[in-house]
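Hi everyone, thanks for coming.

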Amino acid sequence: MEGVKDDRASRKRGMRVGQGEVLMSASGAMDIPTLDLEDVDGSPEARARAAEALRVGFGTYGLVYIRNHAVDRDAVAELYDHYERFCGRSDAEKAPLNRGDIWYQRGWTPPNTEQAVVAGGQPDFKECYFAAPEAVDPECAAEYPEIHADNVWPEDLPGFEARYLEVGRQLHRAGGTVLRACARALDLDEDVFTTAVKGGPHVFRLLRYLPLEAAQIEAGVVWGEEHTDFNLLTLLPGGQFRSPGGGPCERPDDDSGLYLRTRPSKDAPSGVKVRGRAPEGCIVAQVGQQLEVLTGGTFLATPHVITAPKTPGFSRMSAAHFVHLQSHERVFPLPAFRNEATVATYRPPVLAGNYSLKTLVDIGLAPKTAIEGLGYKQYGRLAAIRAAES
Ligand SMILES: [Fe+2]
């Protein structure tokens, strides 16, 4: 996400994005708060500021901007240059890193693979790379091998792995600070979330949104269909456009970007679509489904969509770090948020590892047969015993 642009005029008249969809605006649309990570362990006033930013940001928008995040923007830019070189390779060269066997949770995801649940069969226009910035938990790796797999790296791309891990770890550290601040903002034990994510299947993802042709733009094709992230917390360091000839460039027009949907209300039963464009130098943190469930809906998993520019031929480099609950944790409202309504909304409790498995099936990355792995798998033994009897 690039620098802030005050689009009050377009907010007033409403904005159009995608096919036939009017993006409303609302008073307060640009009031997404900024959390200063230096406030989190600061004076009582600073801590109160941090808590308020999260209560409003995560409670209303499901998103906050973050300053003083300690993520090296030059390293991010360098990582995008490496990734552009990788994406420029032939499919045959990239094929060994196409790991459908582990549900694409490491290595290269080819275009036209992943699709949002609401997309009606239309895959997102992107190719991705997945790697874990932290060592995987061996016990979880034995139980959920696909989401706790070892990293794989391209050959002959010096610097890619080092930059990838460096940026991924910086984002993960920032995420830990945000989670501590979340716990305080909700009057919970401050380690409740950071303890629950230790050893989780965290994954740092690079995305290249593909250049579109004029006809696709006319048809209202979006780069990433509307969805909510299924993990606990997502960190976005900001993307970068690439010109048709390659290399970084300015935003080709003002049509492309991240739009998020606010919490529905009586006045706006579909919520309000708001542009998420971080102030200069800030990164973004978004609430995922797991954090929504744990907080009984107090924090909102942000429905968001990535729109493409109206100018054909431009691509975009982007990155997202997904912080997950450890695979043995339960995805269910925490005791402080458990009541008749939240239990009815979020039941039954699900192990976080199983929650990932189910969602990866839903979005087309894991095969439907993965679901069968959740039940009893020894019925064949009884059948064999009965067969021996006759
Ligand atoms: Fe997302």
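Before we start, one term: two residues are in contact if their C-beta atoms, placed from the backbone, lie within 7 Å. And please keep in mind that this is a predicted model.

With that term in hand, let's look at helix 3 and helix 7. From helix 3, the residues Arg47, Ala50, Ala51, Leu54, Arg55 and Phe58 meet Ala181, Cys182, Arg184 and Ala185 of helix 7. Sorted by type, the residues of this contact are seven nonpolar, no polar and three charged. How do the two helices lie? Helix 3, residues 44-61, packs against helix 7 at an angle of about 90°, and their axes are 9 Å apart. That angle makes the pair roughly perpendicular.

Helix 7 has another partner to show you. Helix 4, which covers residues 73-87, packs with helix 7, residues 160-185, at about 135°, with 9 Å between the axes. These two helices are therefore oblique to each other, and helix 4 passes helix 7 in a left-handed crossing. On the helix 4 side, the contact is made by Ala75, Val76, Glu78, Leu79, His82 and Phe86, while helix 7 brings Phe160, Arg163, Tyr164, Glu166 and Val167.

Now to the inside. Which residues have the most contacts within the largest nonpolar core? They are Leu54, Val64, Ile66 and Cys182, in a core of 93 residues. Helix 7 gives the most to this core, with eleven residues. Take Val64 as an example: leaving aside neighbours within four places in sequence, its contacts are Ile32, Pro33, Thr34, Leu35, Ala53, Leu54, Gly57, Phe58 and Ala285.

Finally, two loop residues. Val221 sits in the loop between helix 9 (214-218) and strand 8 (224-227). Is Val221 buried, exposed or partly exposed? A residue needs 20 or more other C-beta atoms within 10 Å to be buried, and 12 or fewer to be exposed. Val221 has 18 C-beta neighbours inside 10 Å, so Val221 counts as partly exposed. Beyond its neighbours within four places in sequence, Val221 is in contact with Phe125, Leu212, Gln216 and Ala308.

Asp254 lies in the loop between strand 11 (248-249) and strand 12 (257-261). Asp254 is partly exposed, with 14 other C-beta atoms within 10 Å.

Methods: Residues numbered from 1 in each chain as written. Predicted model: local features only at pLDDT ≥ 70, side-chain atom pairs only at ≥ 80, totals over all residues. Helix = DSSP H or I, 4+ residues; strand = E, 2+ residues; numbered from the N terminus. Axes fitted to C-alpha atoms, helices over the stretch in contact; angles between N-to-C directions. Parallel < 35°, antiparallel > 145°, perpendicular 65-115°, else oblique. Left-handed = near helix turned anticlockwise from the far one by under 90°. Core = buried A, V, L, I, M, F, W, Y, C linked by C-beta atoms within 7 Å. Nonpolar A, V, L, I, M, F, W, Y, C, P; charged D, E, K, R; others polar.
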